[in-house]
Amino acid sequence: MTRLTAAFYDRFTAGVEAAGLADWRRDLVAGLEGEVLEIGAGTGHNLRWYPSTVTRLVLTEPDRFMRAKLEAKVGAGEDRPDGPAVIEVLDRSSDDLDVADASLDAVVGSLVLCTVPDPDATLAEVRRGARPRGRVGLPPPPPPPPPPPA
């Protein structure tokens with residue numbers, strides 16, 4: 001990303017957030033608890049939806065400009081009146097998370113798999129880091145296209 005893209009990202013996405021994406025984000029993280037990792041956290045759109053049952057939230061964002069906005073929101077406590085008490089922001093790529101095996105209660109990713117260089121490596125890292133009964137909150141793949149007319 002560029003500095004300019006990161007600077008205007010929240011304003012640029014405000015319309016789609018209001019049109020329903022914010023509701024989807026809320027539903028994605030509803031009911032999470034324990035130690036949670038979010039890959040590709042961007043500027044922190046999901047922050048306000050994490051419940052207080054999340055005891056530790058680790059946010060990864062490899063883009064330095066997006067991460068700077070994310071860190072500012074985390075530092076200001078923005079949008080988190082009842083959210084997790086412990087939040088960490090890491091400069092990590094989703095294919096090298098540097099978390100212990102089976103150490104996470106949940107892994108979340110929203111609007112991220114289309115941006116990673118190697119989605120298979122990212123999914124392998126997610127599986128490795130999640131506990132055996134851990135929850136993985138990634139959006140489902142889009143439905144297949146309809147068959148061509150006969």
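The buried residues of helix H2 (residues 64-76) are covered by elements that include helix H1 (3-29), strand E2 (54-60) and strand E3 (86-90), where helices (H or I, at least four residues) and strands (E, at least two) are DSSP runs numbered from the N terminus. The model is predicted, so that local features need pLDDT of at least 70 and side-chain atom pairs count only at pLDDT 80 or more, while totals for chains, interfaces and linings use all residues. Residues are numbered from 1 along each chain as its sequence is written, and side-chain values use heavy atoms, with hydrogens and water left out.

Buried residues (under 20% relative accessible area, 1.4 Å probe, protein chains only) of H2 are Phe65, Met66, Arg67, Leu70, Lys73 and Val74. Arg67 counts as buried because its relative accessibility is 12%; leaving aside neighbours within four places in sequence, Arg67 is in contact (heavy atoms within 4.5 Å) with Glu61, Pro62, Val89, Leu90 and Asp91.

Helix H2 has 13 residues and spans 18 Å from its first C-alpha to its last, close to the expected 18 Å, a value given by 1.5 Å times one less than the number of residues. At the start of H2, a side-chain oxygen of Asp63 comes to within 3.1 Å of the backbone nitrogen of Phe65, and just after the helix Gly77 adopts a positive phi of about 70°.

The mean pLDDT of the chain, the predictor's confidence in each residue from 0 to 100, is 86, with 92% of residues at 70 or more. Among the elements, strand E5 (residues 130-137) has the lowest mean pLDDT (83), and strand E1 (residues 34-39) the highest (94).

Terms used:
Buried means under 20% relative accessible area, exposed over 50%, partly exposed in between (1.4 Å probe, protein chains only). A polar contact is a pair of N or O atoms within 3.5 Å; within protein, one must be able to donate a hydrogen and the other to accept it, and residues adjacent in sequence count only if both atoms are side-chain atoms.
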